[in-house]
Amino acid sequence: MTTTDPAPSEPRPEPRVPPPPRWAVRAARVAAWSTVPSGVWRIALVLGVPVGVMEREEFLAGFPDHSPLIALAYVLLIGAVAEAASYLTLGLVRPWGEVVPRWVPLAGGRPVDSRLAVLAASLGALTVTVLWWVLFFGGLLTAPSPEPGVSAGEALFVAAYSPLLLWGPLLAAVTWSYHRRHRARTRS
């Protein structure tokens with residue numbers, strides 16, 4: 001037995017995961033922020049700020065009793081879910097993507113199963129890519145335009161929602177980086 005080998009009763013240290021490349025960290029940050037502009041746009045719509053494409057009353061007509069409180073709760077809930085989901089991209093480049101933070105009930109302190117993280121992130125990337133590229137971009141291209149040209153309201157809407165088109169592809173790229181880093185760890 002050499003002096004560098006751990007004693008038979010001692011657990012072997014787990015190989016370290018290489019740090020994420022800078023491009024992956026930047027891509028994860030952009031993905032995490034990609035949902036913010038559309039959330040702000042929806043909140044502005046409910047609060048009555050003229051956002052162009054749709055009037056507040058038209059939006060409120062889809063809610064019971066045309067309730068602004070129900071509409072605001074709905075918009076805040078959608079924004080919170082989208083923000084939380086996009087924020088999870090950061091876990092692919094942060095320590096909490098390697099070990100669950102201790103404050104998380106039942107799972108805190110346990111290592112993250114990288115295969116499960118890659119599967120979940122890959123499915124998420126596919127879902128948000130199809131969702132936004134097909135529904136938003138496809139709907140935008142096929143929607144009949146009442147007037148030629150683009151109004152200021154339409155430009156504001158596109159500016160608020162187009163960052164969502166980045167979310168899926170960036171999540172896919174960061175997921176691939178995470179996968180490669182963890183595959184490198186299992187080889188060592």
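How much accessible surface does the protein chain have, and what share of the surface belongs to carbon and sulfur atoms? The accessible surface comes to about 12300 Å², of which 69% belongs to carbon and sulfur atoms; areas come from the Shrake-Rupley method with a 1.4 Å probe, and for residues only the protein chains shown count as cover. This is a predicted model, in which local features need pLDDT of at least 70 and side-chain atom pairs count only at pLDDT 80 or more, while totals for chains, interfaces and linings use all residues. Residues are numbered from 1 along each chain as its sequence is written, and side-chain values use heavy atoms, with hydrogens and water left out.

**Confidence**

- The mean pLDDT of the protein chain is 84, and 83% of its residues reach 70 or more; pLDDT is the predictor's confidence in each residue, from 0 to 100.
- Confidence is highest in helix α1, at a mean of 97, and lowest in helix α3 (residues 56-60), at 80.
- Where pLDDT is low, the predicted coordinates should not be read in detail.

**Overall architecture**

- The protein chain has seven helices and zero strands, where helices (H or I, at least four residues) and strands (E, at least two) are DSSP runs numbered from the N terminus.
- Of the 188 residues in the protein chain, 31% are buried; buried means under 20% relative accessible area, exposed over 50%, and partly exposed in between (1.4 Å probe, protein chains only).
- Among contacts between residues at least 6 apart in sequence, 70% join residues at least 24 apart, contact meaning heavy atoms within 4.5 Å.

- The twelve residues of helix α1 (residues 22-33) should span 16 Å at 1.5 Å a residue, and the end C-alpha atoms are 17 Å apart, which agrees; the expected span is 1.5 Å times one less than the number of residues.
- The buried residues of α1 are A24, V25, A27, A28, A31 and A32.
- Seen down the axis of α1, these buried residues fall within an arc of 165 degrees, so they line one face of the helix; the arc is that of the directions from the helix axis to the C-beta atoms.
- R22, R26 and W33 are exposed on the other side of α1.
- In α6, the buried residues are G153, F157, A160 and Y161.
- An arc of only 85 degrees around the axis holds these four, which puts them on the same side of α6.

**Aromatic pairs**

- The count comes to seven aromatic pairs: rings of Phe, Tyr and Trp (its six-membered ring) pair if their centres lie within 6.5 Å, with planes under 30 degrees apart counted as stacked, over 60 as edge-to-face and the rest as tilted.
- W41 and F157 form an edge-to-face pair, 5.2 Å centre to centre with 70 degrees between the planes.
- W41 lies in helix α2 (residues 36-47) and F157 in helix α6 (residues 152-161), so the pair ties together parts that are 116 residues apart in sequence.
- W41 is buried at a relative accessible area of 8%, and F157 counts as buried at 18%.
- One aromatic cluster is formed by W41, W132, F157 and Y161.

**Two individual residues**

- A82 lies in helix α4 (residues 68-87) and is buried, with a relative accessible area of 18%.
- Leaving aside neighbours within four places in sequence, A82 is in contact with T35 and W167.
- P101 lies in the loop between α4 and α5 (114-142) and is partly exposed, with a relative accessible area of 22%.
- P101 touches W96, G108 and G109, not counting residues up to four places away in sequence.
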